[in-house]
Amino acid sequence: MHDNKLIYAFKKNKGSFPRLFSTFLDNSIVFLTKKSPQKGPLFVVWDITANCNLRCLFCGFGKTNDNILQSDTELPLEQKIKIIKNLAERGVWFLSFCGGEPLLCKDLEQIVKEAKSQKLVVNVSTNGFLLEEKARTLINSGVDFVTISIDGYNPELLEQVRGHKGLFEKIENGIKAIRVLSKKSPVFIEARYLINKKNYFFMHDFVKVFGLKVNSIIFKPIYQNPNVFYNVPEEMKFSAQDEASFKEQFTTLLKNYKSLDTTYHRNIPLFLFHPEQLKGKFLCFAGTFFGGIDFKGNLFTCHELTIVPNESSGNLNNSDLIDLWRSEKINALRTLFKTGARCNCWMDRFSLNIPLQKILVPFP
């Protein structure tokens with residue numbers, strides 16, 4: 001999470017500061033000592049629906065889950081409300097609704113309103129196809145942040161990667177609608193660009209096109225990850241022969257756009273071409289500051305966990321968050337991550353992990 005995004009969250013949600021402070025303190029104590037948590041995680045990502053309206057080249061979610069998509073894609077509203085209240089009671093400060101595609105969630109407005117009434121900071125992460133159609137719903141709900149995956153600077157490039165005609169125009173119209181409807185209380189819009197071999201040469205063009213349309217841009221490398229159904233086709237994969245060209249493009253990008261020149265972004269070339277050099281460089285805070293929920297209400301430390309089998313620690317429909325957060329399963333993972341172990345992943349939240357690490361472990 002970039003500094004300006006954090007500043008925006010603080011300013012817009014001053015009433016949630018006591019929760020932020022107390023949960024941050026508790027999470028920090030848990031990470032630095034052997035004490036059991038008194039609070040839940042500061043940040044939670046909730047895959048609120050299993051439904052999706054795109055079939056992206058790199059993602060097998062819809063293809064793998066066609067049987068799921070016909071039914072049982074979401075919890076009933078009353079169970080979602082119950083979980084949100086439980087998250088708030090246990091100190092969660094930031095809640096991000098993902099999917100699937102969260103704009104397909106049948107009662108998104110009600111659950112975001114409930115989260116806001118509980119003084120949670122709320123993000124919705126979307127592919128943007130329904131953004132214009134759902135703009136008023138988002139504004140009426142009081143959402144703080146909208147993260148849009150936009151992997152190309154023009155229709156042709158984006159639609160090659162995402163596999164849907166008209167997507168680019170729908171995203172542009174959706175951004176305009178959000179801007180117009182949220183003038184009194186602006187929504188923070190973040191564009192997320194998934195870097196792959198098809199689109200890396202156009203990163204500069206992307207920043208030129210969207211730099212003034214959104215509040216921030218974040219780049220993220222695409223990679224194989226069966227837990228989130230990412231199966232990157234050969235034409236999107238980088239090879240060793242691409243390293244020099246990519247580094248030239250990326251170095252120039254960071255030089256030209258100082259706001260992008262962060263530790264998070266500077267380490268992306270290493271992840272793509274020399275991931276072994278990142279071993280031991282970054283800590284993982286899954287199980288302390290971060291948690292995840294799937295569309296059935298199952299609690300995980302992280303959706304992308306690969307270092308051990310990614311099994312749920314229990315379901316929030318019939319268990320209190322704090323009981324699950326103190327479970328042996330999560331405590332074992334917490335202990336493992338404290339040693340410096342982590343999965344071979346690259347997540348958006350590293351943009352927050354990195355400053356967290358500087359605060360908690362200033363002298364590695």
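Accessible areas here come from the Shrake-Rupley method with a 1.4 Å probe, and for residues only the protein chains shown count as cover. On that basis, the protein exposes about 16,000 Å², with carbon and sulfur atoms supplying 54% of it.

Quick caveats, everyone. This is a predicted model: local features need pLDDT of at least 70, side-chain atom pairs count only at pLDDT 80 or more, and totals for chains, interfaces and linings use all residues. Residues are numbered from 1 along each chain as its sequence is written, and side-chain values use heavy atoms, leaving out hydrogens and water.

Okay, the overall picture. We've got 16 helices and 8 strands; those are DSSP runs, helices being H or I with at least four residues and strands E with at least two, numbered from the N terminus. Of the 364 residues, 57% count as buried, meaning under 20% relative accessible area with a 1.4 Å probe, protein chains only.

Now let's look at strand β3, residues 121–126. Why is β3 largely enclosed by the rest of the structure? Well, 6 of its 6 residues are buried, so the rest of the structure largely encloses it. Val121, Asn123 and Ser125 point one way, while Val122, Val124 and Thr126 point the other.

And the neighbours? Strands count as paired if DSSP finds at least two bridges between them. β2, residues 94–98, pairs with β3 in the parallel sense over 4 bridges, and phenylalanine 97 has valine 124 as its bridge partner. β4, residues 145–149, also runs parallel to β3, joined by 4 bridges; there, threonine 126 partners isoleucine 148.

Notes
Buried < 20%, exposed > 50% of the residue type's maximum accessible area, 1.4 Å probe, protein only.
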